[in-house]
Amino acid sequence: MSHQVFISQSDIQQRVKVLADKINADFQGKELVVICVLNGAFMFCADLVREINLPVVMEFIKASSYGSGTVSSGKITLDLGFQGELKNKHILVVEDIVDTGLTLTKLFEMIKHESPASLKLASLLFKPARNKHKVPIDYLGFEIEDHFVIGYGLDYDGKFRELPYIGIYQGEVNE
Ligand code: IMP
C-alpha cells in the first residue's frame, strides 16, 4: 500500500537539525540523559542524537496505549526498563507524537519522582485537536491536524514504522 507523503524526509531532516541546534545551545557544557520513548520515537531519537554534540547517556522506555486501533485506549503501560540514576541529571524525553498527552503526563510524573536537575520534552509531532492533558513541548518538530499518521517510527498496528517520511494512514481503520 502506498501513502501520500505528508511530511517529507528532507523536511524532517531539516527540522531535526534545527531542534538539535537549539538543544546543543540550551545544554551547552552539560551532560544530557536522553530517554527515548519506544516504540514510536526510535527513528526520530536516532536522528536527533546524531546531531547533538553534548555528552549523552541514552535510556529507553517502552510505552503503549493503542493496541491495534487508531484511538488511544486511555490505558497506558510504561515500562521503566532501566536502572539509571536520574537524580540531579538533565533529562530530555524524546517522543514521536503528543496526542491526548496522557502518556507523557504519566511518564513525567514518574521521572519527577526521581528529582532530576531539569526535565525537557522533544516531540516530533503534536496534534492539538485531541489534546486533553497539557504537556509543555520544549522542542517541537511539527504541529499537525487531526490525521492518523504513520511512518518515521509511527505505526498502524505495528506496520509502516520503516517509512523514511510521514504519511497519512489511508487504510481501513480499526478503532
Ligand atoms: P497520547 O498518550 O494520546 O498522547 O498518545 C501518544 C502515543 O500514541 C504516541 O506516542 C504514539 O505512539 C501514539 N499515536 C498518537 N497519534 C498517533 C498517530 O497519528 N499515528 C501513530 N501513532 C499515534
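**Reading rings and a buried charge**

Modeller: Let's start with the rings: the count comes to 4 aromatic pairs. This is a predicted model, where local features need pLDDT of at least 70, side-chain atom pairs count only at pLDDT 80 or more, and totals for chains, interfaces and linings use all residues. Residues are numbered from 1 along each chain as its sequence is written, and side-chain values use heavy atoms, with hydrogens and water left out.

Biologist: What makes two rings a pair?

Modeller: Rings of Phe, Tyr and Trp (its six-membered ring) pair if their centres lie within 6.5 Å; planes under 30 degrees apart are stacked, over 60 edge-to-face, and the rest tilted. Phe148 and Tyr156 have centres 6.1 Å apart and planes at 85 degrees, so they are edge-to-face. For Phe160 and Tyr169 the centres are 6.0 Å apart and the planes at 50 degrees, so that pair is tilted. Ring pairs link Phe148, Tyr156, Phe160 and Tyr169 into a cluster.

Biologist: Are Phe148 and Tyr156 buried or exposed?

Modeller: Buried means under 20% relative accessible area, exposed over 50%, and partly exposed in between (1.4 Å probe, protein chains only). Both Phe148 and Tyr156 are buried. Phe160 counts as buried because its relative accessibility is 13%, and Tyr169 is buried at 13% too.

Biologist: Which side chain of opposite charge is nearest to Asp96?

Modeller: Lys and Arg count as positive, Asp and Glu as negative; His and the chain ends are not counted. A salt bridge needs a side-chain nitrogen of Lys or Arg within 4 Å of a carboxyl oxygen of Asp or Glu. Asp96 is buried without a salt bridge, and the nearest such side chain, Arg161, is 5.5 Å away.
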